[in-house]
Amino acid sequence: EEFELHYQPKVRLADASMIGMEALLRWRHPERGLVAPNEFVPALEDTGLIVAVGDWVVREACRQLQHWARAGLTPVPIAVNLSARQFERGDLYATIARHLAEHGVSPGMVELEVTESCLMSDPEDAVRQLERLRAAGLRISVDDFGTGYSSLAYLTRLPLSALKIDRGFVNAAISEPQSAAIVKMVIDMAMRLHFDVVAEGIETPEHVGFLREHGCEVGQGYLFGRPVPAAEIARRLRR
Ligand code: C2E
Ligand code: MG
Ligand code: MG
């Protein structure tokens, strides 16, 4: 019970209104304090514990949505990050469907963020699982797009709702023509494929200006809000 979820707003760039949030795992260690996922998620993945913890993440997000709804707030969809190991078990659909039902959460309120690594061990099976989740009404987005192996072929096979442009490209877009070109290309490609596009790691008004100029209307980043505990993000939800 030392894990907790923090939430980072996803906003419409035009007016900074919060249209969603991403749940990010934190470990509140008794001596070390708050530990970031990069320091412990790899170990959870190596040991397979990520399956149980990832399951808890979905359940906790559903519990939080139910709690906010009961408190009279208007919740926004929550995105959760999935790990490759969660696909290997094959029961992702069943466990997610159970958490949604138990908390009375509609599937459209939960978005699943996957990376290309989720598809690597058994791509056909992962596509089948994602199709089932999509058919049930969950949104699926590709995280850290542009990093990793970046096969474009899977973009035609996956039932995707959105691409999230990796924050490395967004951050460098102002100073590096190469990164700027990649950001523009991803925005253009997402639009042509009818996916939403979300920019990660927005830190300055210049980033916002660049993204909007090229047609990206949704993003996340420290400029709009860092990941914070549930009680803090709740202040941004409307009654
Ligand atoms: P991610 O899913 O790509 O999440 C975005 C990361 O970028 C988060 O780091 C967030 O705090 C950080 N970030 C957001 N805006 C900015 C910004 O403007 N500037 C900078 N420099 N960073 C920004 P965090 O929370 O440390 O998470 C790191 C990664 O750990 C996540 O990357 C995700 O891959 C993984 N992770 C987090 N929670 C979970 C989880 O529940 N399950 C799994 N499997 N992985 C998780
Ligand atoms: Mg993510
Ligand atoms: Mg990312």
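Modeller: On a 1 Å grid over the protein atoms alone, a pocket is an open set of points where a 1.4 Å probe fits, with protein on both sides within 12 Å along at least five of seven lines. This is a predicted model, in which local features need pLDDT of at least 70, side-chain atom pairs count only at pLDDT 80 or more, and totals for chains, interfaces and linings use all residues. Residues are numbered from 1 along each chain as its sequence is written, ligands are numbered from 1 in the order in which they are written, and side-chain values use heavy atoms, with hydrogens and water left out.

Colleague: Which pocket is the space taken by ligand 1?

Modeller: A molecule sits in a pocket if more than half of its atoms lie within 2 Å of its grid points. For ligand 1, the space taken is the largest pocket.

Colleague: Which element gives the largest share of the shell around ligand 1?

Modeller: Strands are DSSP runs (E, at least two residues) and helices likewise (H or I, at least four), numbered from the N terminus. Elements giving two or more residues to the shell include α1 (37-47), α2 (50-70) and β6 (139-145). The largest share, four residues, comes from β2.

Colleague: How far is a nitrogen atom of ligand 1 from an N or O atom in the side chain of Glu203?

Modeller: A polar contact is a pair of N or O atoms within 3.5 Å. A polar side-chain atom of Asn81 lies 2.8 Å from an oxygen atom of ligand 1, and a backbone N or O atom of Tyr222 also lies 2.8 Å from an oxygen atom of the ligand. For the side chain of Glu203 and the nitrogen atom, the distance is 2.5 Å.

Note on methods: Polar contact = N/O pair within 3.5 Å; in protein donor to acceptor, adjacent residues only side chain to side chain. 1 Å grid on protein atoms, 1.4 Å probe; cavity = no way out; pocket = protein on both sides within 12 Å on 5 of 7 lines; lining within 4 Å.
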